[in-house]
Amino acid sequence: MVDTTSTQPDVQNGLAMLSIPQSAERYWTEGALADFLQTVQALGLDPAVRALILTGEPGQPFSHGLELTAVREGSKVASAGIGRQFAQAFAALRRFPGVSVAALTGNASDAGLECALCCDFRIAEPGSQFSMVPARYGLVPVAGGSQLLPRLVGEVWAKRLLLCGETVDAEQALAIGLVDAVSESGGAVELAADWARRSFAQGPTAIRATKQLIEHARMRPLETGFAAERDWLVELQGTAEQIEGVRAGVEGRQPHWQDDSGIQE
């Protein structure tokens, strides 16, 4: 399979739209992962980018899993390499400093769904279907799905998906917490952009700090999280962002953020 090359993000007014790079059949390949890692890292370092929307190609599934030819020979070395690539690429997505939203414009399965799980929010199109069953190939999730899925939907539903091979539609995914909203038909990208732009009303540095604290809450003891929160509170004091935010609150107006991107809200 040949990787697609039309993967340059469209950045307008602080919002980046990225159609995830995959093969024409919407599978993850080594080339697609390398492209994705480079693109997401660059967006994360760009002060003009406040939020990221991941989309699929119009009329196509959002994303399938790993291209199986990558592990067809049963090579442990090749498998370890693929695992590292997924870990690097999807970690870059989880660490994106602004708000990230997956606009699930079609079906998502296996590593494609794992990619969506690494975003802050997931917006589904009506009629979309979601599954994660790498065990049908004698495999386990390749990009953190066994850890992220139970945190979102609970252990029972994680087992129903991963062990029993169940597929859920958009409405059921919303009910169990796998997605955060279901759009009107054809409206997932627009709704995802609306959610992302809401974050522009908050201080950009405070958004980055708060995302880190929420991630911290998943993995570390409660008391260390309290300490990290206090550390960030002190770190933000005296910054132009903090001064403007407090001043706006005292004056009863909306704050006017301006960081290195020049974006103001």
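Mentor: Let's start inside: about 70 Å³ of space lies in the largest cavity. This is a predicted model, in which local features need pLDDT of at least 70 and side-chain atom pairs count only at pLDDT 80 or more, while totals for chains, interfaces and linings use all residues. Residues are numbered from 1 along each chain as its sequence is written, and side-chain values use heavy atoms, without hydrogens and water.

Trainee: Why is this space called a cavity and not a pocket?

Mentor: On a 1 Å grid over the protein atoms alone, a cavity is a set of points where a 1.4 Å probe fits but cannot get out, whereas a pocket is an open set with protein on both sides within 12 Å along at least five of seven lines. The structure holds 1 cavity of 30 Å³ or more. Its volume is the space filled by probe spheres set on the points, which are joined across faces, edges and corners.

Trainee: What makes a residue part of the lining?

Mentor: Having an atom within 4 Å of a point. For the largest cavity, these residues are V49, R50, P97, G98, V99, S199, P204, I207 and R208.

Trainee: What classes do they fall into?

Mentor: There are 5 nonpolar, 2 polar and 2 charged residues.

Trainee: Which residues of helix 7 are called buried?

Mentor: P204, I207, A209, K211, L213 and H216; buried means under 20% relative accessible area with a 1.4 Å probe, protein chains only.

Trainee: What does helix 7 give to the largest pocket?

Mentor: The largest share of its lining, 11 residues. That pocket has a volume of about 810 Å³, and of its 31 lining residues, R94, D120, K211, Q212 and E215 lie nearest its centre. By class, the lining has 15 nonpolar, 5 polar and 11 charged residues.

Conventions: Nonpolar A, V, L, I, M, F, W, Y, C, P; charged D, E, K, R; others polar. Buried < 20%, exposed > 50% of the residue type's maximum accessible area, 1.4 Å probe, protein only. Helix = DSSP H or I, 4+ residues; strand = E, 2+ residues; numbered from the N terminus.
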